[in-house]
2 protein chains.
Amino acid sequence: MAKPSFREQVLQAREDAIVASVNRLLAEKGFDLMTVDEVVADVGIAKASLYKHFDSKEALAAAAMVRVLDRALAELAQIRAQDLSPLDSLKAVARWTMRQQLAGEMPSLPAQNSSLRQALISDKAYMDRLMQLSDELGAWITAALAQGSLRSALPPELVLYTLFARACDPVLGMLRLSGQYSDEQIIELLLQTCFDGLAQPVANAKPRR
Amino acid sequence: MAKPSFREQVLQAREDAIVASVNRLLAEKGFDLMTVDEVVADVGIAKASLYKHFDSKEALAAAAMVRVLDRALAELAQIRAQDLSPLDSLKAVARWTMRQQLAGEMPSLPAQNSSLRQALISDKAYMDRLMQLSDELGAWITAALAQGSLRSALPPELVLYTLFARACDPVLGMLRLSGQYSDEQIIELLLQTCFDGLAQPVANAKPRR
DNA sequence: GTCTATACGCAGATAGAC
DNA sequence: GTCTATCTGCGTATAGAC
C-alpha cells in the first residue's frame with residue numbers, strides 16, 4: 001500500500017468503465033432486458049473477466065445505483081449551498097432527476113422485481129446512500145410542510161415517494177417522442193404538473209372530493 | 001353466423017379463464033417475471049393446450065390488455081352517463097384506474113420493452129381500443145381546457161400521457177406498503193396530488209378571469 | 001486478471017399420441 | 001384440443017489455460 005500502484009488504478013478505471021456501461025444500458029433497456037453479454041461487448045472484455053470484478057448481474061445494477069445515488073447526494077449538496085427555500089430545493093432536485101433521465105443517466109429498475117430488490121436491500125453501500133438521501137429530502141419536506149408551502153393534507157412519505165417516482169416518470173419519454181418540445185420545456189411542464197397539478201386552481205375554494 | 005354451439009361456449013370460457021389468470025399475474029409480477037408455466041399452472045391446463053389458444057406470450061399480454069381496455073371503455077360510458085363536467089369526468093376516470101390497480105386488475109407492462117411493444121402495436125384489436133380510449137379522453141381534455149378547468153399552459157397530450165401514467169403509478173403500492181391508509185384514502189391523496197399538485201397554492205397570486 | 005470454451009438451468013415453444 | 005415429453009435458444013455463471 002506504500003505506493004498507489006499504477007496497476008490498481010488501471011483496474012479501478014476498468015471497473016468505472018464497466019459501471020458506466022451498465023448505467024447507460026440500464027437507462028436504455030432496463031434491468032431485465034440488459035444482458036451481461038451486452039455489457040462485456042460494450043466494455044470490450046470477456047465475460048469471465050467481468051465476473052472477477054462483480055459477483056452477479058444484480059451486483060452490477062447495485063454498483064450502478066450506488067453511482068447514481070452518489071451523484072444525487074453531491075447534487076443535493078450543491079442545491080443546499082444555494083440557500084433556496086425548502087420548496088425550491090425540492091423543485092431543484094426534481095429538475096435534476098428529470099434531466100438525468102432525459103440524458104440517459106437514470107437506470108430504470110423494475111419496481112417490484114424481487115430478485116433484484118432482494119439484492120439491493122442486502123447491499124449496505126446502496127442502502128446507506130438511499131437512507132441518507134431520504135433523510136435529507138425528508139428534512140426539506142418537513143420544513144416545507146411547516147412553512148405551509150406544501151399541502152398540509154399530504155403525508156411526508158407521500159411527497160418523498162412521489163419525488164422518487166417522478167425520477168423515472170415515463171411521461172418524460174412519451175413527450176420527447178412527440179418531438180414537439182425541447183428537453184427543458186418538457187422538464188418545466190412536468191415540474192408544473194407535479195407541484196401545481198393538472199387543474200387550473202379556482203379562486204377561493206379548495207377542491208372537494 | 002349459426003348458433004354458438006355449447007362446445008364453443010366452453011372453449012370461450014376457457015379462454016376467458018386464461019386471460020383472467022394472465023391479467024392477475026401481469027398485475028402481480030409484470031410481463032417479464034410472469035412465466036407461461038405459471039399461467040398454465042394457475043389455469044390448470046397443459047402448456048401445449050394454451051398454445052392452441054394463443055400464439056405466444058406476447059399474445060397473452062395483448063389479450064389481457066384488450067380485456068382491460070374494454071372494461072375501461074365501459075367505465076367511460078358509465079361516467080359519461082353521469083353528465084359530470086369534463087374535469088370531473090377525467091377525475092372519475094383516474095379514480096377508476098387507481099382502484100383497478102389497487103384491486104390487482106391492472107397489468108403492468110414494462111414501458112419500453114421492445115418485443116412486447118412491437119406485438120402490441122401490431123395487434124389491431126388492442127390498437128383500435130387504445131385509439132378509441134385516447135379519443136374519448138381527448139375530447140374531455142380539450143373540453144376541460146376550453147372551460148379553463150385545466151391549466152391552459154399544458155398541452156393536451158401531456159394531460160393524456162399523465163393520466164395513462166398514473167394508472168400504473170408505483171406510488172400507490174408504496175403508500176399501501178406503509179399500511180397507514182385505506183385504499184380509498186390513498187386514492188384521494190393521489191388524485192389530489194395529480195390534479196392539484198404537491199404545493200400549497202399561494203393565496204392571492206391566482207387571479208381568475 | 002484475462003482469455004476461450006463450456007456447463008447449467010430456465011423459459012418459450014413444439015411433436016406426436018390419444 | 002388435451003395431454004406428456006421434448007426441443008431449442010439464451011443468459012448467467014464457471015473451468016482451466018495462459
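A residue counts as buried under 20% relative accessible area, as exposed over 50%, and as partly exposed in between (1.4 Å probe, protein chains only). By that scale B:Arg166 is buried, with a relative accessible area of 10%. The structure is a predicted model, in which local features need pLDDT of at least 70 and side-chain atom pairs count only at pLDDT 80 or more, while totals for chains, interfaces and linings use all residues. Residues are numbered from 1 along each chain as its sequence is written, chains are lettered from A in the order in which they are written, and side-chain values use heavy atoms, with hydrogens and water left out.

**Salt bridges between Arg166 and Asp169**

- A salt bridge is a side-chain nitrogen of Lys or Arg within 4 Å of a carboxyl oxygen of Asp or Glu, and a search of the whole structure finds 25 of them over all chains.
- B:Arg166 forms a salt bridge with B:Asp169, with 3.7 Å between the closest N and O atoms.
- B:Asp169 counts as buried, at 3% relative accessibility.
- A network of salt bridges links A:Arg166, A:Asp169, B:Arg166 and B:Asp169.

- In chain A, the closest N and O atoms of the salt bridge between A:Arg129 and A:Asp70 are 2.6 Å apart.
- This pair links distant parts of the chain, with A:Arg129 in helix 7 (residues 124-147) of chain A and A:Asp70 in helix 4 (residues 57-81) of chain A, 59 residues apart.
- Helices here are DSSP runs (H or I, at least four residues), numbered from the N terminus.
- A:Arg129 is partly exposed at 23% relative accessibility, and A:Asp70 is partly exposed at 35%.
- In chain B, the side chains of B:Arg129 and B:Asp70 meet in a salt bridge (2.6 Å, N to O).
- B:Arg129 lies in helix 7 (residues 124-147) of chain B and B:Asp70 in helix 4 (residues 57-81) of chain B, so the pair ties together parts 59 residues apart in sequence.
- B:Arg129 counts as partly exposed at 23% relative accessibility, as does B:Asp70 at 33%.

**Helix packing between chains**

- Helix 10 (residues 183-196) of chain A packs against helix 10 (residues 183-196) of chain B at an angle of about 135 degrees, with the axes 5 Å apart.
- The axes are lines fitted to C-alpha atoms over the stretch in contact, and angles run from 0 to 180 degrees between N-to-C directions.
- The two helices are therefore oblique to each other; angles under 35 degrees count as roughly parallel, over 145 as roughly antiparallel, 65 to 115 as roughly perpendicular and the rest as oblique.
- The contact (heavy atoms within 4.5 Å) is made by A:Thr193, A:Cys194, A:Phe195 and A:Asp196 with B:Thr193, B:Cys194, B:Phe195 and B:Asp196.
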